[in-house]
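My notes follow the order in which I checked things.

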Amino acid sequence: MNTSPNKIQIRTLIVEDSETDAELMVRELQRAGLEIESIRVDTASALQGALGNQTWDVVLSDSQMPGFSGKAALAIVKAAAPDLPFILVSGTVGEEAAVAALHAGADDYLIKGRLARLGPAVSRVLQAAEHQRARRTSEERFRDIAETAGDWIWEVDARGLYTFASPAVERILGYTPDEIIGRKHFYDLFSPDIRAEVKEAAFARFVAKQTIRNLVNSNLHKDGRIVILETTAVPVLDKGGLLLGYRGADTDITERRRVEEKLKAQTELLNKATDAIYTRKLDGVVTYWNKSAERLYGWTQAEAVGRKITDLNLKEVDANAELHSTLIEDGSWMGERQQVNKTGQKLDVLVRLTVMAEENGGPMSIFAIVTDITEKKKLAEQLLRAQRLESIGMLSAGIAHDINNVLAPIGMAASLLRRHLSESADLRLLEILEKCSERGAGLVRQILGFSRGIGGKPQLVQMETLAPRCGQSHHRDFSQVHRRR
């Protein structure tokens, strides 16, 4: 069908034995605003030749001709061009014959005495033919897409019986399209444990004519294994809104589900880890934050994910360009860092960073494991302090032995001198000498006890005996201070 700026040019094949009747039909079409290019034939061979020589937009045929009929002409046209519009135009045609012609494939029938309807009838069948071609083109495009799509494209009727299945079904479920179409309902493929439940839910959508979106369902592969599919479908309705069936697509998400479950299990394990674990992008934005990280730093997962580690006051290697460069080049880094948690409390931590690479080998993100060593640091300091005290004790023991060696002769000499002295003044001096020697020996014993680590035992102390000693020591110490002044 050619077009001009003002009129539509229609290639019309007229099957008519009367040249006058043919001219009347052409004139009537022109009067309706149609530009006609026509040829008249009146035999079967001429009709077949015309159909083979060029394409036509419409066929107008008389019902009765010498040696030929409209019924025979219709059969020839449908055999050669099934979609070519065919209008039966007859001087006298009974209702039964007209109905039979329509059932045989004719698009309309007219009485020659009422040719005023010819123009509108031709326009209508041409428009219907155009819609049919557009629909067929769309269906062919749909079939082409279905043939090459990775998803399984399908159609079912209102009972759920498959009327179309793309070749992808064989890759996904092991069945060929021929094993599916007209032989299986969509629910026949469901896993037995969910079949009744999902079938009921699906037909509830059928009744409501609702779109089905992302319906996850388990299906049995031909070899018996479970395949997880995600279904999306739309209802197919006729002009009156009657449900004809559904057209949709199934995506095989079995592998995706397996990966999701694996990730979920890994996440649960990471959350059970005692170390704080998180991942971040190269720019520092946190992408994962486990439960131990929440406990250590005080930031919840919702607060941490999406923010930079610097916003969380976490120092890794970012502040040191050289260390950051080493991390990227070597792929890992480990070292101690002092960090602060959400409340400002200082933490001593051991940070282990690993670079996770993209498929092309380039750095993608950082995987961090952080161990809280704050208590370990405190214990180390206590151990160092104890070691220092032990060293002091060993030094004290040596000094005490040397002092004891000095005091021993003094004590022995005092005992010998008491035998040879008789003056009271000399004896008082000797007594002072002996007391000082005894005090020195007592101090040596205390130092030796400390150096040996002798454990003390709780003892009851009589305050009446302790108080005079404290008083004497106090008086002596203050007397020494007074004399120094």
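Cavity rule first: on a 1 Å grid over the protein atoms alone, I take a cavity to be a set of points where a 1.4 Å probe fits but cannot get out, while a pocket is an open set with protein on both sides within 12 Å along at least five of seven lines; lining residues have an atom within 4 Å of a point. Grid points are joined across faces, edges and corners, and a volume is the space filled by probe spheres set on the points.

Housekeeping: this is a predicted model, so I note that local features need pLDDT of at least 70 and side-chain atom pairs count only at pLDDT 80 or more, whereas totals for chains, interfaces and linings use all residues. Residues are numbered from 1 along each chain as its sequence is written, and side-chain values use heavy atoms, with hydrogens and water left out.

**Entry 1, the cavity**

How many cavities of 30 Å³ or more does the rule give? I get one. The largest cavity holds about 160 Å³ of space. I find 17 residues in its lining, with W154, Y162, F186, F190 and T231 nearest the centre. For elements I use DSSP runs numbered from the N terminus: helices are H or I with at least four residues, strands are E with at least two. On that basis β9, α8 (195-208), β11 (212-220), β12 and β13 each give at least two residues to the cavity lining. The largest share, four residues, comes from β11.

For classes, Ala, Val, Leu, Ile, Met, Phe, Trp, Tyr, Cys and Pro count as nonpolar, Asp, Glu, Lys and Arg as charged, and the others, Gly among them, as polar. The cavity lining then splits into 13 nonpolar, three polar and one charged.

Next I looked up the largest pocket, with a volume of about 440 Å³. Its lining has 17 residues, and R135, E139, V236, L237 and L244 lie nearest the centre. At least two lining residues each come from α5 (118-148), β9 (152-157), β12 (226-237) and β13 (243-252). Here α5 supplies the largest share, five residues. By class I count eight charged, five nonpolar and four polar residues in the pocket lining.

My criterion is a side-chain nitrogen of Lys or Arg within 4 Å of a carboxyl oxygen of Asp or Glu. The structure has 18 such bridges. I picked out a few.

E155 pairs with R247, with the closest N and O atoms 2.5 Å apart. That pair ties together distant parts of the chain, E155 in strand β9 and R247 in strand β13, 92 residues apart. Buried or exposed? For this I call under 20% relative accessible area buried, over 50% exposed, and in between partly exposed (1.4 Å probe, protein chains only). E155 is buried at 13%, while R247 is partly exposed at 34%.

R40 and D42 meet at 4.0 Å, N to O. R40 is partly exposed at 34%, and so is D42 at 31%.

E260 and R257 meet at 3.7 Å, N to O. Why can these two reach each other along helix α9? They sit three residues apart in α9 (residues 254-272), so about one helical turn separates them. E260 is partly exposed at 39%, and R257 is partly exposed at 30%. Both also belong to a salt-bridge network with E230 and R256.
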